[in-house]
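Please report on the salt bridges, surface patches and local backbone features of this model.

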Amino acid sequence: MAEDTRQNKRASFSALTELSTNGMARTPALASGKTGASKKLVIKNFKDRPKLAENYTEDTWLKLRDAVSAIQNSTSIKYNLEELYQAVENLCSYKVSPTLYKQLRQVYSLDNLSFLKRMNRCWQDHCRQTIMIRSIFLFLDRTYVLQNSLLPSIWDTGLELFRTHIVSDSAVQKRTVEAILEQIELERNGETVDRSLLRSLLGMLSDLQVYKDSFEERFLAETDRLYAAEGQRLMQERDVPEYLHHVARRLEEENDRILSYLDQSTQKPLICCVEKQLLGEHMTAILQKGLSNLLDENRVTELALLYQLFSKVKGGLPTLLQFWRDYIKSFGGEIVCTPEKDKDMVQDLLDFKDKMDNVAQSCFGRNEAFINAMKEAFETFINKRPNKPAELIAKYVDSKLRAGNKEATEEELERILDKIMIIFRFIHGKDVFEAFYKKDLAKRLLVGKSASVDAEKSMLSKLKHECGAAFTSKLEGMFKDMELSKDIMIQFKQHIQNQSEPSNIELTVNILTMGYWPSYTPMEVHLPSEMVKLQEVFKLFYLGKHSGRKLQWQPTLGHAVLKAEFKEGKKELQVSLFQTLVLLMFNEGEEFSVEEIRAATGIEEGELKRTLQSLACGKARVLNKNPRGKDVEDGDRFNFNSDFRHKLFRIKINQIQMKETVEEQVNTTERVFQDRQYQIDAAVVRIMKMRKTLSHNLLVSELYNQLKFPVKPGDLKKRIESLIDRDYMERDKETPNQYHYVA
């Protein structure tokens, strides 16, 4: 009975279900209570298919992507799985399947950063597992394995397995290295990366002993390529200071990378690579483009950085040294060889030297090579223009040592003189300096215009230390003459007081030894009878004490103090002797012509015009000139200016004596050249007397060694010919290039 029931149930089930042709179960219409025709339930499609909401596809994909990412990273999924399933079904129903599949493939394949994280997690897990296994088998590792040197330790075995089965796989290794390089490139471009991840992975490569072959070579090649391109581009785009700061920053970044995650063995090749591509390849371009500007603008910070960077590159400092030397020669040559700048030449040279000293000390680390190169460059350019720098240095010293120079205290003056001596050392023709310095010193001493005897003696001491006692012997003689003259004048004044007829003129005489002082052209002038009488008194007094000596009066540098009465009141005029003779004429008359004054005083024409100009056309016009004008002409007439006014009681009008005339300058220069000829002659005779016979080339070589001033071979040849003509030496009859000394 039971069996029949089961069969009936099966039969009932069979009647209710029927498979459709497509394999899906189809339910037939159930019979109604009534017998006869049955009704069918028909479900029809919508006439218009429902549209998806706006942005539904994009929003749904974002949910699906987050879900896939969560599954891959073993984190919780935010959304219901059924909801996600339904979302996929919906997208497929709306024919988004191809796009959805492509997106899934892209997400499913890990991006580089995710791959690195997965690799790092795998490595960390493996290390943790290996450590745990080793701790269990520690006794085995420390006994059996340790005793068999050919067997790797358990830790090394774990590393070997990871290397063999994972890292040695070419695809895995390539992907790992490329992903690491990508992260480093992102960081170099300014993005933030996970440094701890990179440190762990590069440590893995190092532990597995594949760091150098698999990573470092590729890394250095990529670095080389990157910085080569960057160097070329930035040299075009940026100015030199900005480029130097960029290079310094890049080097700092790379050193930071080494400390953070790269292996220490990479440091040297990496830094060399950066320095080569950013500096080594562009050294000349950097210096050509920017060194002059940096030095012109005194950019101390950038110059120090330039030196620091170039010191790291092979050949960097020698290249910088050459450009530095060339800059000094060029800039200094412009100062020296531009006649328009002669007025400021010495001050410009001092300022330039201070500036270069500061650069050498604060920027170039007091490098001896750079200091020596600077000295060599100064010596080269300062002698490009012979004689003039020496002359101007002497005049500059005169301006500083002259009375009335209120620019400097004694300490500052001493510092200025020390700086002057540094420039003086570079000059070859020191005899030119000596000649002009001696001329100016004589004026300062004789006219009483020296600012300080201590400063004068300090300068003399510096010259003696620099050039030797022979150089300063005449200058020292000048000071001795001045001191002896003071003693003589004390005795002379006592002698005058004992005279029965004391003079109302106070006479001061300086006795000068002719060999010490500059030579002055003798000039006969007509002195007033009172002065002539006083001169004779002194002459008798002096020769009475020093028999056999000869006195020659030199009026050029004489000066006097005259008492004058104007409408404003009495004044004292400090004037030269020539000015004195002119002014005294106006005690005898009211107006005189130039010719009348010349006849009465005996002053040479050029000197007389200068004197009259100083009295009638200068700041203190004690004479009136008719007609008015700046220059004195032959037809001009002069009268005493009784309306003259001045705020001071004693007025200095004798500054004209301190001014150098063109004639004086020419005479001083010619005297130097004449002295040089005598020195050359003496040197030739001295050498030939010692050697007896000598070839022309050897004689010239010896002369260059002995002479202390620059001389041209042509000038030497002329002096040798002159000595042959005067029978001091003769040519060899068979060898014309050979000379013999004639005793």
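## Salt bridges

Aspartate 634 counts as partly exposed because its relative accessibility is 48%, and the class covers values between buried (under 20% relative accessible area) and exposed (over 50%), with a 1.4 Å probe and protein chains only. The side chain of aspartate 634 meets that of lysine 609 in a salt bridge, 3.2 Å from N to O. A salt bridge here is a side-chain nitrogen of Lys or Arg within 4 Å of a carboxyl oxygen of Asp or Glu. The pair links distant parts of the chain, 25 residues apart: aspartate 634 sits in the loop between E6 and E7, lysine 609 in helix H26 (residues 605-616). Lysine 609 is also partly exposed, at 21% relative accessibility. Helices (H or I, at least four residues) and strands (E, at least two) are DSSP runs, numbered from the N terminus.

This is a predicted model: local features need pLDDT of at least 70, side-chain atom pairs count only at pLDDT 80 or more, and totals for chains, interfaces and linings use all residues. Residues are numbered from 1 along each chain as its sequence is written, and side-chain values use heavy atoms, with hydrogens and water left out.

## More bridges

How many salt bridges does a search of the whole structure find? The count is 49. One of them joins the side chains of arginine 225 and glutamate 222, at 2.7 Å from N to O. Both residues lie in helix H10 (residues 211-237), three residues apart, about one turn of the helix. Arginine 225 is partly exposed at 46% relative accessibility. Glutamate 222 is partly exposed at 28%.

Arginine 598 pairs with glutamate 605 in another salt bridge, with the closest N and O atoms 3.9 Å apart. Is arginine 598 buried or exposed? At 18% relative accessibility, arginine 598 counts as buried.

## Nonpolar patch

Met132, Ile133, Ile136, Phe137, Leu140, Tyr144 and Leu151 make a nonpolar surface patch of about 710 Å². Patches are made of residues with over 30% relative accessible area and no salt bridge; nonpolar side chains (Val, Leu, Ile, Met, Phe, Trp, Tyr) are joined within 5 Å, like charges within 9 Å. Areas come from the Shrake-Rupley method with a 1.4 Å probe; for residues, only the protein chains shown count as cover.

Helix H5 (112-136) and helix H6 (138-147) each supply at least two residues of this patch. H5 gives the most, with three. Isoleucine 136 belongs to H5. This residue is exposed, because its relative accessible area is 64%.

## Negative patch

Glu410, Glu411, Glu412 and Asp454 gather in a surface patch of negative charge. Lys and Arg count as positive and Asp and Glu as negative, while His and the chain ends are not counted. The place of a charge is taken as NZ of Lys, CZ of Arg, CG of Asp or CD of Glu.

Which helix provides the largest share of the negative patch? Helix H19 (residues 410-425) does, with three residues. Glutamate 411 is found in H19. Glutamate 411 counts as exposed, at 52% relative accessibility.

## Backbone features

The peptide bond from asparagine 626 to proline 627 is cis, with omega near 0 degrees. Proline 627 lies in the loop between strand E6 (623-626) and strand E7 (637-640).

Arginine 366 is not a glycine, yet its phi is positive, near 55 degrees. It sits in the loop between helix H16 (345-363) and helix H17 (368-382). Arginine 366 is exposed, with a relative accessible area of 57%. Asparagine 387, also not a glycine, has a positive phi of about 75 degrees. Asparagine 387 lies in the loop between H17 and helix H18 (388-401).

Aspartate 431 is found in helix H20 (residues 430-447). Aspartate 431 is buried, with a relative accessible area of 14%. Leaving aside neighbours within four places in sequence, aspartate 431 is in contact (heavy atoms within 4.5 Å) with Val672, Arg676 and Phe709.

Glutamine 706 lies in helix H28 (residues 696-706). Glutamine 706 is partly exposed, at 31% relative accessible area. Not counting residues up to four places away in sequence, glutamine 706 touches Ala683, Arg686 and Ile687. The C-alpha atoms of glutamine 706 and valine 684 are separated by 9.8 Å, and the two residues are 22 apart along the chain.
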